[in-house]
Amino acid sequence: MNLSTNAALVLFSGGQDSTTCLAWALQRYAHVETLGFDYGQRHAIELSVRPKILETLRTLAPDWSTRLGEDHVLDLSVLGQISETALTRDSEITMQVDGLPNTFVPGRNLLFLTLAAALAYRRGISVLVGGMCETDYSGYPDCRDETLRALQSALRLGMNTSLSLETPLMWLDKAATWQLADQLGGESLIEVIRHETHTCYLGERGQLHDWGYGCGHCPACELRAKGYASYRASD
Ligand code: ZN
């Protein structure tokens, strides 16, 4: 099957990382589509901020408006049925005995990327873009480069395509992710990320901090706030 190498499908959750990845893809590919998953996540607010972000990104650059194509949302509620984690159940975020936080949803990224690859195949798209990162992360093994290289090989073999899996944030820390957004879209993109994107695990959007909305205490908020402070300090 011949897929277009000038088109990308971005895993877009509505968070800081995936919004930065989306801007990255809009700079590089002639046609960009987006994909979100509804898996009963506790921070389902992520899903609700997506349309507004897409709408705003279209206004940031004339190219981005023509390049940004269809948005897809897949129902993955089955993930909530099979996993007992702090992201899908109303329980406190803690560290497990295996050293992973209980926000880890086993197999989540493997499922996401496999479904994304199937959708990309149907849409004639050969590039998948995801915000996985092993620099400033929670230790999730399915965010590691080695896992994703192996998955790319499996997907290529299993679908008989030249599909490629791009992870522009893999070696960046959170400060560098803010920096990348700055390079891609300047202060206006930074403002979109601050105001429109959602990262907080608890789904908290009451108070606007300089780094955006969130509870300020969960691991996701802490990483985002720390990264923003060090990005501004080096600015
Ligand atoms: Zn939070």
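Helices (H or I, at least four residues) and strands (E, at least two) are taken here as DSSP runs, numbered from the N terminus. By that reading, Ser-126 is found in strand β4, and the chain has 8 helices and 7 strands. This is a predicted model, in which local features need pLDDT of at least 70 and side-chain atom pairs count only at pLDDT 80 or more, while totals for chains, interfaces and linings use all residues. Residues are numbered from 1 along each chain as its sequence is written, and side-chain values use heavy atoms, with hydrogens and water left out.

**The sheet and its helices**

Let us begin with the open sheet, whose 5 strands follow the order β3-β2-β1-β4-β5 with parallel pairing (two strands pair if DSSP finds at least two bridges between them). β3 (68-75) and β5 (164-166) stand at the edges with a single partner strand each, so one side of each has no neighbour in the sheet. From one strand to the next, the twist averages 30°; axes are lines fitted to C-alpha atoms, for helices over the stretch in contact, and angles run from 0 to 180 degrees between N-to-C directions.

Strand β2 (residues 31-38) runs parallel to β3 and is joined to it by 6 bridges. One place to look is Thr-34, whose bridge partner in β3 is Asp-71. Helix α2 (residues 45-60) packs on the sheet, where it touches β2 and β3, and its direction makes about 175° with that of β3. Contact here means heavy atoms within 4.5 Å. Helix α1 (residues 16-28) lies across β1 (4-11), β2, β3, β4 (125-129) and β5, running at about 165° to β1.

**Burial and contacts**

A residue is called buried under 20% relative accessible area, exposed over 50%, and partly exposed in between (1.4 Å probe, protein chains only). Of the 235 residues of the chain, 53% count as buried.

| Residue | Relative accessible area |
|---|---|
| Ser-126 | 2% |
| Cys-200 | 0% |
| Cys-215 | 16% |
| Tyr-228 | 6% |

Not counting residues up to four places away in sequence, Ser-126 touches Leu-3, Ser-4, Thr-5, Ala-7, Ser-162, Leu-163 and Ser-164. As for the cysteines, the count comes to 0 disulfides, a disulfide being a pair of cysteine sulfur atoms within 2.5 Å. Among contacts in the chain between residues at least 6 apart in sequence, 67% join residues at least 24 apart.

**Helix α8**

Now for helix α8 (residues 219-234): at 1.5 Å a residue its 16 residues should span 22 Å, which agrees with the 23 Å between its end C-alpha atoms. The expected span is 1.5 Å times one less than the number of residues. Buried in α8 are Ala-220, Cys-221, Arg-224, Gly-227, Tyr-228 and Tyr-231. They cover an arc of only 135° around the axis, which puts them on the same side of α8; the arc is that of the directions from the helix axis to the C-beta atoms. Lys-226, Ala-233 and Ser-234 are exposed on the other side of α8. The cover over the buried residues of α8 includes α1, α7 (174-196) and β7 (212-213).

Tyr-228 lies in this helix, α8. Leaving aside neighbours within four places in sequence, Tyr-228 is in contact with Trp-178, Ile-190, Arg-194, Asp-210 and Trp-211. Its C-alpha atom is separated by 5.8 Å from that of Ala-175, 53 residues apart along the chain.
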